[in-house]
Amino acid sequence: MPRGKDDHIIVDMQGTHTPFFERGKLCMWQVMIVVEVLIYSSYSVMIHMCKVDGRIPFRSSSVVFLVEMIKLLISVNFLLVEVQKQDVQLPKLTLSFCLPFAFPAVLYFINNNIAIHAQGYMDSTTYQVLSNMKIVTTSLLYRLIIKRVLKKAQWIAVGILTLAGTLDSYGGYVSSSIITSSEVFVTAPGLFLMFVYSMLSGLSSVYSEYVLKRNMEVTLHFQNVLMYIYGATLNGITWFIQTQSDDFGGLLHGFSMYTWMIVLSQVGNGLFMSVIIKYGSSMTRLFVLTSAMPVSTLLTVIFLNTQLTIYFITSVGLVVVALIQYHKH
């Protein structure tokens, strides 16, 4: 995506001073980054705390549908407030304007469901490590779609991160997913799902950035409303179809306190990440993901009594090295 007249409002991870990020708003930006790290690091832990007899007791579509609906309602409310204050002028709802928001919504719809299913085939710490493959896919797609050139040192960091994921996969590979939550493990289906997840995650993030930034003058709340309408519709249809073919109960079947914590945290995650992608970049998002990994490790040790292997500890160290290497240039 070529640079445009609004590129001056985009910031990097160091929080470059810009019209959008004045001193007070810059502080809010930094707090939002920290909150996002905590949300990402706790996600896989909460999923595993929801499990009953090693299995996830609820439909993934139920969780994602609720998340999309709540995000939609919040975004509509924010948009109405802006309209009432006459702070925003809404664009014409043409097909050419609305249709591009459907593609990232479809990608997020698929990926959010994969993220839940994948954790039935690995422990939470391994999920966090393998999810960092998104750095590789996002970096490549960022180069192809956004036309951003990465430096040699940054590509080295991407390679180190790939090695970290491979090392953890080798050390934790087992043939069955029915293992106690205190062991580090990953299965072949889990590896495949994480590969698909990483590809779709990178594509959805980069394309969302392209769509949001090509209309910088349009309020983010209006853009979010369009995207969440697609997301809520897709997940609502999926949930309804699943109710006709399985023996689960209603929408909230299998929900627990931890499930609701997942729903609410993912609502915040979606809203915050849209701000990060529009006013930061997809690469800023990767900073959040990689920073979440050591925090997730600490949480799994505390709450899940995870027994870490030497392969996993080494892979964590490599991710930290990759993070430093990538962002010091």
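I count Ala, Val, Leu, Ile, Met, Phe, Trp, Tyr, Cys and Pro as nonpolar, Asp, Glu, Lys and Arg as charged, and the others, Gly among them, as polar.

**Ground rules.** I am working on a predicted model, where local features need pLDDT of at least 70 and side-chain atom pairs count only at pLDDT 80 or more, while totals for chains, interfaces and linings use all residues. Residues are numbered from 1 along each chain as its sequence is written, and side-chain values use heavy atoms, with hydrogens and water left out.

**Fold.** I looked up the secondary structure and found twelve helices and zero strands. Helices (H or I, at least four residues) and strands (E, at least two) are DSSP runs, numbered from the N terminus. I then checked burial: 52% of the 329 residues count as buried. Buried means under 20% relative accessible area, exposed over 50%, partly exposed in between (1.4 Å probe, protein chains only).

**Cavities.** My search of the whole structure gave two cavities of 30 Å³ or more. A cavity is a set of points, on a 1 Å grid over the protein atoms alone, where a 1.4 Å probe fits but cannot get out; lining residues have an atom within 4 Å of a point. Points are joined across faces, edges and corners, and a volume is the space filled by probe spheres set on them. The largest cavity holds about 660 Å³. It is lined by 38 residues, with Tyr40, Tyr108, Asn112, Gln266 and Asn269 the closest to its centre. Among the elements giving two or more residues to this lining are helix H1 (23-50), helix H4 (102-118) and helix H10 (257-279). By type, I get 20 nonpolar, 14 polar and four charged lining residues.

**Salt bridges.** I found two. The criterion is a side-chain nitrogen of Lys or Arg within 4 Å of a carboxyl oxygen of Asp or Glu.
- Glu68 pairs with Lys71, the closest N and O atoms being 3.1 Å apart. Both lie in helix H2, three residues apart, about one turn of the helix. Glu68 is buried at 5% relative accessibility, and Lys71 is buried at 8%.
- Lys213 pairs with Glu209, with closest N and O atoms 2.7 Å apart. These two are about one helical turn apart because they sit four residues apart in helix H8.

**Phe103.** I placed this residue in helix H4. Phe103 counts as partly exposed because its relative accessible area is 36%. Its C-alpha atom is 8.7 Å from that of Ser208, 105 residues apart along the chain.

Conventions: 1 Å grid on protein atoms, 1.4 Å probe; cavity = no way out; pocket = protein on both sides within 12 Å on 5 of 7 lines; lining within 4 Å.
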